[in-house]
Amino acid sequence: MRSVPTWALVSSGCAPVFLITGWLMAASLQGRPYDPAAQTISVLAAPGNSGSWVMTAAFVALGFCHLLTAWGLRPAATAGRMALAAGGVSALAVAVFPAPSSGGSLSHGSVAAVGFAVLAAWPVLAARAGTAVPWALRPFPSLGATAVMAAGAAWFLIELHLHGVAGVAERAVTTLQSVWPFVVVVSCLRGSLHDGCPS
């Protein structure tokens, strides 16, 4: 049976590292005017900001990590792999269409919304039935991951509308979305040591 290649452990593990390191470094370069509790990650990548190049590079790295992981995650259902890849493309698109320094942007908002949606949906779309299926690809854990991510995205939208702690909400949901592929890969690699991952 075909299993997940070990390099997928690197691509999936690097995704949250690039994302979190990116926003921490970019916020540090941006300085005091930036409020990480209230302002979004995208603000850090806005043209003209001191740390924009760091956050933009983090989005690009995140996108490629998701694309590589989707390619290597062969035990997952095809629909889930495609959704994860779409999440990677969305991260690249966020870098191409950054948020403006002030005001809104339809193009940026659209690609960010698509990214949130597909990355929330991919766990349940990747699920497969069967006793030999790795734990993180089974229906119940996959549905749980999607539900938590969807709830996090809803929380982010509410905080954004209320001008509350949108930065906190966004960081929570994006961290979960970037970590879950790593959880799935580890689950598959552990499963392959015993029963083998499904092809």
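Biologist: Why is Trp71 called exposed in this predicted model?

Modeller: Its relative accessible area is 60%, and exposed means over 50%, so Trp71 qualifies. You'll find Trp71 in helix α3, residues 52-72.

Biologist: And what makes Trp7, Leu68 and Trp71 a nonpolar patch?

Modeller: Patches take residues with over 30% relative accessible area, and nonpolar side chains are joined within 5 Å. Together, Trp7, Leu68 and Trp71 have about 350 Å² of accessible area on the surface.

Biologist: Okay, now His108 in helix α5, residues 106-126. Why is His108 called buried?

Modeller: Buried means under 20%; His108 has 9% relative accessibility, so it counts as buried.

Biologist: What does His108 touch?

Modeller: Ser42, Val94, Phe97, Pro98 and Ala99, if you don't count residues up to four places away in sequence.

Biologist: What makes a group of residues a nonpolar core?

Modeller: They're buried nonpolar residues joined through side-chain atoms within 4.5 Å. The largest such core here has 21 residues, and Val4, Leu73, Trp122, Leu137, Trp180 and Val184 touch the most other members. Helices α4 (78-96), α5, α6 (139-162) and α7 (166-192) each supply at least two of its residues, with the largest share, 5 residues, coming from α7.

Biologist: Which residues is Trp122 in contact with?

Modeller: Leaving aside neighbours within four places in sequence, Trp122 contacts Leu73, Gly80, Ala83, Leu84, Trp180, Pro181 and Val184. There's also a second, separate core of 20 residues, including Ala26, Ala58, Val94 and Val111.

Technical notes. Residues numbered from 1 in each chain as written. Predicted model: local features only at pLDDT ≥ 70, side-chain atom pairs only at ≥ 80, totals over all residues. Heavy atoms only, no water. Patch = residues over 30% accessible without salt bridge, like charges linked within 9 Å, V, L, I, M, F, W, Y side chains within 5 Å. Areas by Shrake-Rupley, 256 points an atom, 1.4 Å probe, with all protein chains shown as cover. Salt bridge = Lys/Arg side-chain N within 4 Å of Asp/Glu carboxyl O. Helix = DSSP H or I, 4+ residues; strand = E, 2+ residues; numbered from the N terminus. Buried < 20%, exposed > 50% of the residue type's maximum accessible area, 1.4 Å probe, protein only. Contact = heavy atoms within 4.5 Å.
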